[in-house]
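Subject: Structure handover

Hi,

Here is the structure I promised to pass on. Please open it alongside this note; what I found follows below.

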Amino acid sequence: MTKAVAEIAARVVAILEAVEPLQRVNVGVIRSCEPASLGSHIVDVDVATGYAELFRRSGYRRAACRKSAE
Amino acid sequence: MIGRRLERYPYLLAYPARLLDLARDPNELLERGGQFVELSAVTLGVLALGWCTSRGLGASVVAEWETAVDGKGMALGKWTSMLRSASWVMAEQPTDPLARNIRLAADGALPRLEGSYRPATAMPTVGNRGRAVT
């Protein structure tokens, strides 16, 4: 059992190390996206980064969510 | 055990890693460790699929996933197989930063997900209270 736990622990640490590039990927769910002014939208996003509960963030964003809003 | 800044990782990886970090019982450690490995494959797979569909590339990768879902479902081996295919497609888009990051993560994680990985250094030891320490 001890060996199995040590192996899975090593595997998890190795995976976390391997997926470090995902720290540069902002994962979230766009809840709404409305045109605000020329070339920009106001988006309501559930941010899905970190281990705490998901939290919602609103803000302006330039024409980046057209596809998501369709 | 984790020793990493989990708040920077996507939630789908950070949350199970945090649960694993909090586990004390060896059985719990094994169960949560297995869940983390599977969720890592699923998270990478979903990100890769999302990239493929948003860019209109990798139709064969998406088809591979759809065929598996319509059949027996997606087991760990199917996710890793799909990730390997998606990695080839993403490698053809070197100027796409999202593709680059997903591919780097997938390529690094695949040997560990497939179980062929063996750490070069000594395994972490398991301290008292059943908690692994590195």
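Is Leu113(B) buried or exposed? The model is predicted, and the answer comes from counting neighbours. Leu113(B) has 25 C-beta neighbours inside 10 Å, and the cut-off for buried is 20 or more. Leu113(B) therefore counts as buried.

Start from that residue. Leu113(B) sits in helix α5 of chain B. Setting aside neighbours within four places in sequence, its contacts are Ile15(A), Val37(B), Ser40(B), Ala41(B), Leu76(B) and Thr80(B). Trp79(B) is 34 residues away along the chain, with a C-alpha separation of 9.6 Å from Leu113(B).

**Between the chains**

Helix α1 (residues 2-18) of chain A packs with helix α5 (residues 97-113) of chain B. The angle is about 165° and the axes are 8 Å apart. α1(A) and α5(B) are therefore roughly antiparallel to each other. Their crossing is right-handed. From α1(A), the contact uses Arg11(A), Ala14(A), Ile15(A) and Ala18(A). From α5(B), it uses Ala105(B), Gly108(B), Ala109(B), Arg112(B) and Leu113(B). The class count for α1(A) with α5(B) is 6 nonpolar, 1 polar and 2 charged residues.

Now the whole interface. 29 residues of chain A are in contact with 42 residues of chain B. On the chain A side, α1(A) gives the most, with 15 residues. That side divides into 21 nonpolar, 4 polar and 4 charged residues.

**Inside chain B**

Two helix pairs are worth a look, and both involve α2(B).

Take α2(B) with α5(B). They pack at about 150°, with axes 10 Å apart. That makes α2(B) roughly antiparallel to α5(B). The crossing is left-handed. α2(B) brings Val37(B), Ser40(B), Ala41(B), Leu44(B), Leu47(B), Ala48(B) and Trp51(B) to the contact. α5(B) brings Leu98(B), Ala99(B), Ile102(B), Ala105(B), Ala106(B), Ala109(B) and Leu113(B). By class, there are 13 nonpolar residues, 1 polar and no charged ones.

Next, helix α2 (residues 26-55) of chain B with helix α4 (residues 76-91) of chain B. Here the angle is about 40° and the axes are 9 Å apart. α2(B) and α4(B) are therefore oblique to each other. This crossing is left-handed. On α2(B), the contact residues are Glu38(B), Ala41(B), Val42(B), Leu44(B), Gly45(B), Ala48(B), Trp51(B) and Cys52(B). On α4(B), they are Leu76(B), Trp79(B), Thr80(B), Met82(B), Leu83(B), Ala86(B), Val89(B) and Met90(B). The classes are 13 nonpolar, 2 polar and 1 charged.

**Confidence in chain A**

Chain A averages a pLDDT of 79, and 74% of the residues score at least 70. Where pLDDT is low, predicted coordinates should not be read in detail.

Best wishes

Technical notes: Residues numbered from 1 in each chain as written. Chains lettered and ligands numbered in written order. Predicted model: local features only at pLDDT ≥ 70, side-chain atom pairs only at ≥ 80, totals over all residues. Axes fitted to C-alpha atoms, helices over the stretch in contact; angles between N-to-C directions. Helix = DSSP H or I, 4+ residues; strand = E, 2+ residues; numbered from the N terminus. Parallel < 35°, antiparallel > 145°, perpendicular 65-115°, else oblique. Left-handed = near helix turned anticlockwise from the far one by under 90°. Contact = placed C-beta atoms within 7 Å. Nonpolar A, V, L, I, M, F, W, Y, C, P; charged D, E, K, R; others polar. pLDDT = per-residue confidence, 0-100. Buried ≥ 20, exposed ≤ 12 C-beta atoms within 10 Å, placed from the backbone.
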